[in-house]
Amino acid sequence: ACGKRPVPFDEVSDRLSELEEKWGKKNPVTSSEIGEDVVSVLREVDDIAFIRFASVYKEFEDIASFKKALEGI
């Protein structure tokens with residue numbers, strides 16, 4: 001999601017490390033928890049990366065639901 005975006009590699013790496021540490025404390029971690037955590041982090045890091053990931057992860061069914069997600073940015 002961060003490809004070709006002005007997001008420093010170190011920031012992506014740091015955020016992933018934080019998530020891995022969080023997930024390491026839980027057993028088991030569901031795929032939906034992982035997806036929601038990634039969406040949350042991307043929303044903070046880069047709006048376009050967030051949109052890229054969310055558009056696939058959230059499986060928007062129509063343009064109205066996609067617009068609703070964009071309104072939160």
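**Exercises on a predicted model**

Among the elements of the chain, helix 4 (residues 63-71) has the lowest mean pLDDT, 80, and helix 1 (residues 9-24) the highest, 96; pLDDT is the predictor's confidence in each residue, from 0 to 100, and helices are DSSP runs of H or I with at least four residues, numbered from the N terminus. This is a predicted model, in which local features need pLDDT of at least 70, side-chain atom pairs count only at pLDDT 80 or more, and totals for chains, interfaces and linings use all residues. Residues are numbered from 1 along each chain as its sequence is written, and side-chain values use heavy atoms, with hydrogens and water left out.

**Exercise 1.** Describe the lining of the largest pocket.

*Solution.*
Step 1. A pocket is an open set of points on a 1 Å grid over the protein atoms alone, where a 1.4 Å probe fits, with protein on both sides within 12 Å along at least five of seven lines; lining residues have an atom within 4 Å of a point.
Step 2. The lining includes Glu-11, Arg-15, Val-38 and Phe-53.
Step 3. Helix 1 gives the most, five residues, while helix 1 and helix 2 (31-45) each supply at least two.

**Exercise 2.** Determine whether Asp-37 is buried or exposed, and find its contacts.

*Solution.*
Step 1. Asp-37 is found in helix 2.
Step 2. Its relative accessibility is 14%, so Asp-37 counts as buried (under 20% relative accessible area; exposed is over 50%, partly exposed in between; 1.4 Å probe, protein chains only).
Step 3. Leaving aside neighbours within four places in sequence, Asp-37 is in contact with Leu-19, Lys-22 and Trp-23 (heavy atoms within 4.5 Å).
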